[in-house]
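Hi,

Here is the structure I said I would pass on to you.

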Amino acid sequence: MKFETGHRRWVKISHWVVTISFLLLAFTGFEILMVHPRLYWGEAGNDLMPALLELPISRNHKHEGWGQQTAFFESPDSPVSAPRTVTIFNQNGWGRSLHFLAGWILVATGTIYLLFGFFTGHFRHNIWPKLKELSPKILWQELLLHFRMKIHPATNGPIYNVLQKIAYMSVIFFFLPLTIITGFTMAPAITAAYPFLMDLFGGYQSARTIHFFSSAVLEVFLIVHIIMIIKSGFKQQIRFMTLGK
Amino acid sequence: MKGKEYLTRRQAITTGLASMGALLFSRCSTELPPTYGNLLRAGDVLTYASHRALLPKQSLAREYQLADITSFPATGTTNPVDKNNSYSEEYDRLQKKGFKDWRLSIEGQVKNPGIYSLSDLQQFPSRTQITRHTCEEGWTAIGEWTGVPLGTILEQCGIMPNARFVNYYTYDGFDDSIDLMDAFHPQTLIAYGMNGKDLPVPHGAPVRLRVEKQIGYKSAKYLRKIVVTDEFTEMLSPGWAWYTGI
């Protein structure tokens, strides 16, 4: 195993392409959520049904613009219909298209990144924690260092501490794939072809709710990542991830 | 300055990728709806092309049980007789007579153009399906739809070999189109019934379209006319994606 000097070129390129597409996805994703700021569990959910969570993030939050309710059936607990009487906030025309365009870039770059990561040994050597690093003692030491904001200085290249490895690993192998697959589960043409996706997540609205929380985790990761970059030497870190020196 | 040099390289890469994309899409332009002149639409066209290329052709959207039917908001146009919202004088007249005079005309690239009344449509073998309506806003609702498969009507009219798109016109102006793959999908209905009753006005009376493998706004309400064409016509506001299987 030769000693690494600097981040590899494909790591640097995919890092920034993923950064740009992730920021676009987060921005348009928030816009899409603003249009219907209610989350549900199960297959169906709408303004005439109870929500799991209502987010006060746009004028669509708890808007009262609904006309008279009509029952579909005779039974007292019959589902109902009601016409919407207000014009809601909705920028989904460009919002959705930009979300999916950025999604394509993320998925394409992510796939190439994963292939490179496996075949160059990058994951095995640099991202996957060594067994001895996972000892409670080392984990505890690293946690204490981080809580005291004693962050290791920038290294030019992939020399990561165990917490960093766990964070990168969970983003690369869990939260990003989960967000992407729950995104697919919201596509009617895709679930028609692969209905098991709906069963896997418990329905369309469950997938949407998981998509939201899982992308929220990614946003928290981004914030912590930026704090760590600042704490370990912002200018130097940016140079290492771009110019490489 | 070194930073400058780096940016130039990245610009070169981006420009290269963009022109590669442009080449790819211009090559496909005879195969795909040519509405996508900007970068934003490139993602939509990629989605459309890959769905058509990779997904099994005629898989059905999931169907549910009667007990799964949920409440169902009526959004967009909820009554074309409302003077403030997509008013149609003709629709007003038809509604006053209980849609007795309503007709659906089918024209364009078909051997036998036809004009169908509601009872004409009801003569055809019907299909009833309980499906999930998926709105681009983010909400979903489950409802039962009864109607005649669009494919049945198109076969009756005999589409020409050069036909590629089915354009539909509505009384509230939400005109749009689908390709033949969706038009002949067994769950694509010209629907006249909802939850066991006549289709209510807020949901598109007397007849609406159901396109179950796309987002809700493709399932146009208040149908008026169907025109089969060999060329793609941009009808919906260009701000909205034409293909919405995602």
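How many Å should the 28 residues of helix α8 of chain A span, and how far apart are its end C-alpha atoms? Keep in mind that this is a predicted model, so everything below is computed from it. At 1.5 Å a residue, helix α8 (residues 204-231) of chain A should span 40 Å, and its end C-alpha atoms are 41 Å apart, which agrees. Just after that helix, you'll find Gly233(A) with a positive phi of about 110°.

Next, the aromatic rings. Over all chains, the structure holds 26 aromatic pairs. Take Tyr48(B) and Tyr243(B): their ring centres are 5.0 Å apart and their planes are at 50°, so this pair counts as tilted.

Another pair to click on is Phe165(B) with Phe232(B), which is edge-to-face, at 5.3 Å centre to centre with 70° between the planes. Here too the pair links distant parts of the chain: Phe165(B) is in strand β6 (residues 165-170) of chain B, and Phe232(B) is in the segment after β11 of chain B, 67 residues away. Phe165(B) and Phe232(B) are both buried.

Over in chain A, ring pairs join several residues into a cluster: Trp10(A), Tyr113(A), Phe116(A), Phe118(A), Phe123(A), Trp128(A) and Phe173(A). Back in chain B, the charged end of Lys225(B) sits over the ring of Tyr169(B), 4.6 Å from the ring's centre.

Now go back to helix α2 of chain B, where you'll also find Thr47(B). Is Thr47(B) buried or exposed? With a relative accessible area of 2%, Thr47(B) is buried. If you leave aside its neighbours within four places in sequence, Thr47(B) is in contact with Trp104(A), Tyr243(B) and Ile246(B).

Last, the cysteines. How many disulfides does the structure hold over all chains? The count is 0. Cys135(B) is buried, with a relative accessible area of 8%, and Cys157(B) counts as buried at 0% relative accessibility.

Happy browsing!

Methods. Residues are numbered from 1 along each chain as its sequence is written. Chains are lettered from A and ligands numbered from 1 in the order in which they are written. This is a predicted model: local features need pLDDT of at least 70, side-chain atom pairs count only at pLDDT 80 or more; totals for chains, interfaces and linings use all residues. Side-chain values use heavy atoms; hydrogens and water are left out. Rings of Phe, Tyr and Trp (its six-membered ring) pair if their centres lie within 6.5 Å; planes under 30 degrees apart count as stacked, over 60 as edge-to-face and the rest as tilted. Helices (H or I, at least four residues) and strands (E, at least two) are DSSP runs, numbered from the N terminus. Buried means under 20% relative accessible area, exposed over 50%, partly exposed in between (1.4 Å probe, protein chains only). A charge sits over a ring if NZ of Lys or CZ of Arg is within 6 Å of the ring centre and within 35 degrees of the ring normal. The expected span of a helix is 1.5 Å times one less than its number of residues. Contact means heavy atoms within 4.5 Å. A disulfide is a pair of cysteine sulfur atoms within 2.5 Å.
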